[in-house]
Structures are given as structure tokens and as C-alpha cells.
Amino acid sequence: MQSREHLFHTSVEFLKGIGAKRAQLLAAAFGVRKYKDLLQFFPSKYIDKTQFFHINELVNSGAEVQIKGKITAIFEEGSGRKKRLKAEFEDDTGSMSLTWFQGINFVKSKIKIGKHYLIFGKPKLFNHEWQMMHPQIEELTEGNDKFRAGLQAIYPSSEKLKKSGFSSLVISKSIYGLLEQIHPYLYENLPSYIVREQKFLSRKAALFHIHHPKSQRHLAEAKRRLIFEEFYFQQLVLLLKKISNKKKNTSFVFEKVGAHFNHFFKNILPFQLTGAQQRVLKEIHQDMKSGQQMNRMVQGDVGSGKTIVALMSMLLALDNDFQATLMAPTEILAQQHYQSIKEMLETTDIHVRILTGSTKTKERREIDEGLRDGSIHILVGTHAILEDKVVFKNLGISVIDEQHRFGVAQRAKMWKKNTKPPHILIMTATPIPRTLAMSHYGDLDLSVIDELPPGRKEIVTRHFKENRRLEVIQFIRKEIAKGRQVYIVYPLIEENEKMDFANLQKGFEAIIRDFPAPDYSVSIVHGKMKASDKEREMNEFAEGKTDIMVATTVIEVGVNVPNASVMIIESAERFGLSQLHQLRGRVGRGSEQSYCLLMTGYKLSKDTQFRMKTMVETNDGFKISEADLTLRGPGDLMGTRQSGMMDFKIASLIKNREELQMARQYAIKSLEKDHNLSLAIHEMTRKYLIESYKKIIGWSQIS
């Protein structure tokens with residue numbers, strides 16, 4: 001008798017109804033190669049096949065129906081590409097014609113004159129005669145009633161699979177045969193207390209009813225069980241990785257809260273920390289004095305004060321005789337961080353430098369030397385920090401801003417910058433939906449700065465179509481008359497770079513006409529400019545020398561200008577919600593009322609209307625991120641896929657948020673009871689985890 005492991009890893013080509021050719025097509029289209037893959041090749045929808053029709057009962061409604069009858073004639077018509085197979089079909093009440101344009105030879109080999117069949121498809125009335133194109137057809141026998149007893153599963157397909165005659169019915173029969181073959185080996189993989197408390201179907205029953213549901217109730221119960229199971233094991237993987245990292249990755253102990261931190265807190269900090277900032281700082285300090293490497297992500301909306309929290313965390317490292325670094329994804333953002341940190345620390349003896357790709361050779365040598373001898377305390381920079389030649393005397397903490405812009409492998413390089421990995425603090429101003437944070441960053445500790453500093457006024461957001469441009473121009477003039485400054489942002493998307501650049505130039509020319517010199521001063525910033533020119537234009541705007549900055553999205557993470565109170569976003573329909581929210585965050589940084597005006601064309605898709613409505617109705621980045629997740633799905637929001645994450649087969653981060661929350665709570669409960677799943681109650685859970693996810697978590701993490 002073959003082993004369970006061998007059986008589950010058997011190629012699907014050996015399953016009745018599949019064979020070598022179809023196995024290749026399944027692998028190419030859907031990655032289904034082995035028996036275990038086919039079990040999780042779930043239907044995309046279901047059709048109720050419990051009702052039968054007679055031909056004289058048909059109506060021309062476009063609905064799919066099934067009819068019992070017999071084939072009375074088979075013949076071919078046409079030739080070449082126009083060749084088709086036709087058959088005459090009748091029951092006790094009338095007759096109709098059936099037509100196939102694809103898989104002709106396969107269908108012809110399966111149907112015989114005089115035999116009784118069950119057909120399924122959309123009937124159409126043409127010249128007073130009923131026709132059905134490409135019907136599903138199945139010979140009526142006593143043995144195949146079980147495939148019609150309830151809901152018919154419809155599976156994802158491809159053109160090549162369809163041409164090979166591999167219909168949903170054939171897949172359904174193949175999976176039925178597989179379930180019968182492996183039924184004795186389908187053990188329960190969830191702990192008994194979860195199955196009991198949640199009244200879940202057994203794993204065997206769930207797999208049977210997802211492929212061959214007897215009723216809508218059976219299908220709903222199967223889905224509930226399998227969605228939970230998928231989330232539960234994903235959460236176990238993430239939590240075990242987190243436990244393993246804490247055990248394995250010891251780091252430096254920062255117990256001391258010394259002169260640097262205390263002087264900054266008492267004498268330099270320009271405002272009182274919010275309750276959220278204080279809470280997050282405590283969480284960070286707890287991590288850094290634990291002896292385990294900190295891997296914490298701090299989420300906070302634009303303007304919530306993440307940089308201050310990061311700086312004070314770096315000062316804790318300095319108090320314990322370690323160096324610190326802050327890495328940003330762009331040179332502009334790195335420069336902004338450098339300037340603000342340098343200004344805040346200018347009355348101290350803390351030495352801060354910046355390292356980017358454009359740092360001159362002579363300056364680079366000075367920085368390398370200062371890092372090695374420890375005279376540089378804080379280094380701000382871009383990807384340049386990750387280079388092997390950048391060597392620190394004693395790096396204790398690395399702050400990574402907007403981490404989704406960096407690949408996993410790039411971030412891992414930071415771990416090798418000391419004898420033990422430094423503490424890692426990740427900051428993001430892109431609020432991450434709770435479900436996405438749980439499923440993709442579940443191996444990190446999460447902190448949320450969910451308060452804005454006192455005195456900040458909510459940005460007023462309005463949506464204008466092109467016919468109201470004069471109102472917008474008048475509004476800009478009024479704001480400038482009050483001494484305010486204005487951003488006007490144009491889209492710049494790589495695929496349409498030439499077109500976008502032309503639009504930017506036209507827009508700039510139109511703005512100069514509407515706001516002529518010497519009454520107004522307008523600057524322009526875009527990606528084609530030299531870095532020095534870009535910096536000059538930005539600095540002039542920051543210093544209040546220009547009234548309007550016309551720019552592309554380079555200013556999304558650009559200079560901080562508290563006096564800028566108006567953000568105009570041109571062609572706002574071409575931006576995603578997250579980017580619109582980021583751009584809006586460029587204003588509202590001073591004490592005056594700020595505005596964001598979204599300019600669009602007239603014809604807007606439903607998605608665009610939803611985005612504009614969401615922006616107008618809320619300034620809450622977390623609500624916006626949830627809306628963005630609903631619109632775009634998790635893949636687009638994630639950017640670079642996180643290393644070792646799973647593709648969900650049946651669960652959805654959008655539709656099944658409550659199920660994910662429940663699965664995480666149970667995964668935490670399981671590991672609190674039994675941190676390496678070694679108790680008898682978790683024996684089969686552990687076995688399944690090792691069998692299914694050993695490549696992701698490694699054997700040692702649960703041994």
C-alpha cells in the first residue's frame with residue numbers, strides 16, 4: 001500500500017479523465033500538478049442543476065437550463081475554420097439542434113445516435129426553432145446521478161483546456177474519483193477544540209461539499225470551514241516566524257535613557273508628544289531593552305509625528321553608545337529627513353550626515369571614515385546605505401521609511417551591518433488596512449500613531465469638474481492674497497511619460513497666463529530636471545519665494561511647507577486613493593485652514609466616482625486604505641510581494657475580514673497553549689503544517 005505522502009504527491013496525469021496532455025495544460029494554466037493541488041483547485045461558481053425542463057417549456061430568457069432527451073442525428077457542416085458539428089436532440093415534447101464549433105472530434109467520439117443524454121446550456125429561438133450552442137452533454141446512466149444531485153461546480157478554465165474537452169463536468173468527475181481514492185487519508189488538521197467551538201464540518205466533509213455540494217447550506221458550511229482553515233495556517237506560519245525571530249535574533253540591549261534623549265525631550269522638543277506618540281515610544285523602548293531584535297512597524301497618517309518618534313528612538317541608541325541610521329526611498333525624502341533632524345539637533349554635539357547616490361567622492365570618504373571611527377552618530381540616506389562598503393563602528397538601530405519601496409532582500413542587508421543585527425524600526429505614512437497588516441506583516445510587531453498633533457485643522461477636500469475651472473482659479477488668487485502658497489500636481493505615469501510631460505508643460509503655460517509675473521511667481525518641478533535644479537525650485541518654494549509650485553508626483557514625499565495651504569490635483573481620476581491621500585498630506589501642516597481640490601473630466605467610471613467621494617468625505621487614512629483595498633485588492637496595494645507569503649485559494653482579504661480576525665485569535669490561542677505545537681491535541685495540526693508549509697517556515701521553527 002502506497003504511503004499517504006506519496007499519494008498526495010502523485011501527478012494528476014494518473015487520475016482517470018486527465019492524462020498527460022491535460023495534466024500539462026492544468027499545470028501551465030493554474031499550477032495544478034499533484035493530487036494535493038487538485039484538491040485545492042476550487043470551483044469559481046456553482047449552477048443549480050436540480051431542475052429539469054422539457055423542450056416545450058423553454059422560454060427565450062438567456063437562462064441556462066438542463067434537458068433529458070436523446071440524439072437522433074449527428075452531422076458536420078462547413079470546412080476549415082467554419083467547420084461545426086451539429087446534432088438533433090429530442091424529448092417527448094419537441095426537438096432542438098445542438099452545435100459545437102470547438103472540440104468537434106472529442107464531442108463526436110462521445111455522442112451516439114439513439115443514446116439518451118442530459119444537456120445543459122442556454123437555449124435560443126432562431127427561425128421558430130430551438131438551438132443550443134456548445135451545450136454540456138452527459139450520457140444518462142444510473143451511475144452518474146450523483147453528479148447532478150445538487151449544485152454543479154464550475155471550475156476556472158483556459159482556451160486550451162476547453163479545446164481538449166476538459167469541461168467542468170470532466171474536472172468534477174476527476175475530483176470525485178480522487179476524493180473516493182484518498183478519502184481514508186484525509187485526516188483532521190484543525191485542533192478538536194476549534195472544530196467543536198465553531199461547529200465546523202470535518203475536513204473530509206468540507207472538501208467533498210466544496211466540490212460536490214448537495215445544497216446551498218452544505219456549500220456555505222464547506223466554505224466557512226475552508227476559509228478559516230486557510231487563514232488559521234497562514235497566521236500560524238507568521239506567528240511561528242515571529243517567535244523564531246525573537247529566539248534566534250538577539251540584539252543589543254538599550255536599557256539606558258540618558259543625556260541625549262532627556263535633553264531633547266526637555267529642552268528641544270517643540271511641542272508636547274501626543275498620547276499615541278508616547279505609547280509607541282514606550283513600545284519601542286520595551287523592544288530595545290529586551291535583548292531580542294526589534295522588528296516593529298509604525299503606521300501613522302501624514303503629519304502624525306512619526307519622524308519625531310523615530311528620532312527619539314535613535315537618541316536612545318546614542319545614549320547606549322550606538323550609532324543610528326534612517327533610510328528613505330528617494331533622495332528628496334532623505335534630504336527632507338536630514339534637514340529636519342539636523343535643525344532639531346543643531347544645538348547638540350550630535351553629528352548627523354547624509355549619504356545618497358549623488359554624494360561627491362571627497363564627501364563620501366569623510367562619511368566612510370566618520371562611520372568607521374564612530375564620530376558620525378546618525379546617518380540619513382537612501383539605498384546607498386546598504387552598500388557593502390558602508391561600514392559602521394557600532395550600528396544599533398536602523399529606521400526604514402516607507403518600507404514598501406524597498407525589497408525584502410535589500411532590507412535584509414541592513415541586518416549584516418553589525419555583529420548582531422541592529423534593531424529595525426519601519427515607518428509608513430501609507431496606512432495599511434488591518435486585514436492586510438495581519439496577513440502580510442503578521443510576523444512584525446505593529447504600532448499605530450492614530451492621533452494628529454493638537455491644533456491641526458482637517459483639510460477640506462472638494463471635487464471639481466473641468467467646467468468649474470474659473471472658480472478654482474479665483475479661489476487660488478484669494479488664498480495667495482492671504483499670503484498662502486499652492487501646489488498644482490499633474491500625473492506622471494511611466495507608460496504615458498511623453499503624454500504626461502506634454503500635459504505638464506501645457507498646464508504650466510496656462511498657469512503662467514492665469515498668474516502672470518510680476519504679480520505672481522510660479523515654479524516647476526518634474527523628474528526630467530537635474531537634481532540641482534529640482535532642489536533649487538523646491539527650496540525657493542519652501543522659503544516662500546514662489547507662490548505656486550507646478551509639479552509631478554515627485555512632491556508626494558517632498559519638502560515640508562507649512563505655509564502651503566492649497567493642493568490642486570489635476571486629472572485626479574488617474575491617481576489611486578492612497579496616492580491622492582499622500583498628496584493631500586503635503587498641505588495642512590500649518591495652523592491655517594488647508595484645502596485639497598480634485599480636478600477631473602466629466603465622464604467618470606464608478607470606481608473613480610467612489611474614489612472622489614471617499615476623498616471628499618474623510619481625511620482618515622485608515623478608512624481610505626480600507627476603501628483602496630476594496631477597490632484594488634491586496635496584490636496591488638502590496639507592491640513587491642513579501643517573501644514566503646501564501647496565495648489564498650479560497651479566502652479573500654476583502655470579503656472575509658471577520659474570518660481572518662477570528663483565525664488570528666485562534667492561532668494566538670493555540671501557540672499560547674503550546675508554543676511549538678508539541679501536545680497531542682495539536683499533533684495533526686503540526687503534521688499538516690510541516691507537510692504543507694515546510695518551505696516557508698523551515699523545519700526547525702516548530703521542532
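**Exercise 1. Overall composition**

What percentage of the 703 residues in the protein chain is buried?

*Solution.* The model is predicted: local features need pLDDT of at least 70, side-chain atom pairs count only at pLDDT 80 or more, and totals for chains, interfaces and linings use all residues. Residues are numbered from 1 along each chain as its sequence is written, and side-chain values use heavy atoms, with hydrogens and water left out.

Step 1. Buried residues make up 52% of the protein chain, where buried means under 20% relative accessible area, exposed over 50%, and partly exposed in between (1.4 Å probe, protein chains only).

Step 2. The protein chain has 24 helices and 22 strands; helices (H or I, at least four residues) and strands (E, at least two) are DSSP runs, numbered from the N terminus.

Step 3. Among contacts (heavy atoms within 4.5 Å) in the protein chain with a separation of 6 or more, 74% join residues 24 or more positions apart.

**Exercise 2. The nonpolar cores**

Identify the residues that touch the most other members of the largest nonpolar core, and describe the surroundings of L38.

*Solution.* Step 1. A nonpolar core is a set of buried Ala, Val, Leu, Ile, Met, Phe, Trp, Tyr and Cys residues joined through side-chain atoms within 4.5 Å. The largest has 82 residues, and L38 and Y232 touch the most other members.

Step 1. Helix 9 (residues 216-248) supplies the largest share of this core, 12 residues.

Step 2. With neighbours within four places in sequence left aside, L38 is in contact with V12, L15, I18, V32, I175, L178 and H211.

Step 3. Another core, of 44 residues, lies apart from the largest one; I284, M314, A328 and L333 are among its residues.

**Exercise 3. Helix 8 and its two partners**

Characterise how helix 8 packs with helix 6 and with helix 9.

*Solution.* Step 1. Axes are lines fitted to C-alpha atoms, for helices over the stretch in contact, and angles run from 0 to 180 degrees between N-to-C directions. The axes of helix 6 (residues 168-182) and helix 8 (residues 203-211) come within 10 Å and cross at roughly 165°.

Step 1. Angles under 35 degrees count as roughly parallel, over 145 as roughly antiparallel, 65 to 115 as roughly perpendicular and the rest as oblique. Helix 6 and helix 8 are therefore roughly antiparallel.

Step 2. In this pair, S172, I175, Y176 and L179 of helix 6 meet L207, F208 and H211 of helix 8.

Step 3. For helix 8 and helix 9, the axes come within 8 Å and cross at roughly 120°, which makes helix 8 oblique to helix 9.

Step 4. Here R203, A206, L207, H209 and I210 in helix 8 meet H218, L219, A222, K223, R225, L226 and E229 in helix 9.

**Exercise 4. Local backbone geometry**

Which peptide bond is cis, with omega near 5°, and where are D321 and S571 found?

*Solution.* Step 1. The bond from A517 to P518 is cis; P518 is in the loop between helix 18 (497-514) and strand 19 (522-525).

Step 1. D321, a residue other than glycine, has a positive phi near 65°. Its loop runs between helix 12 (306-319) and strand 11 (323-327), and D321 counts as exposed at 64% relative accessibility.

Step 2. S571, also other than glycine, has a positive phi near 50°. S571 is in the loop between strand 21 (564-569) and helix 20 (577-584), and at 26% relative accessibility S571 counts as partly exposed.
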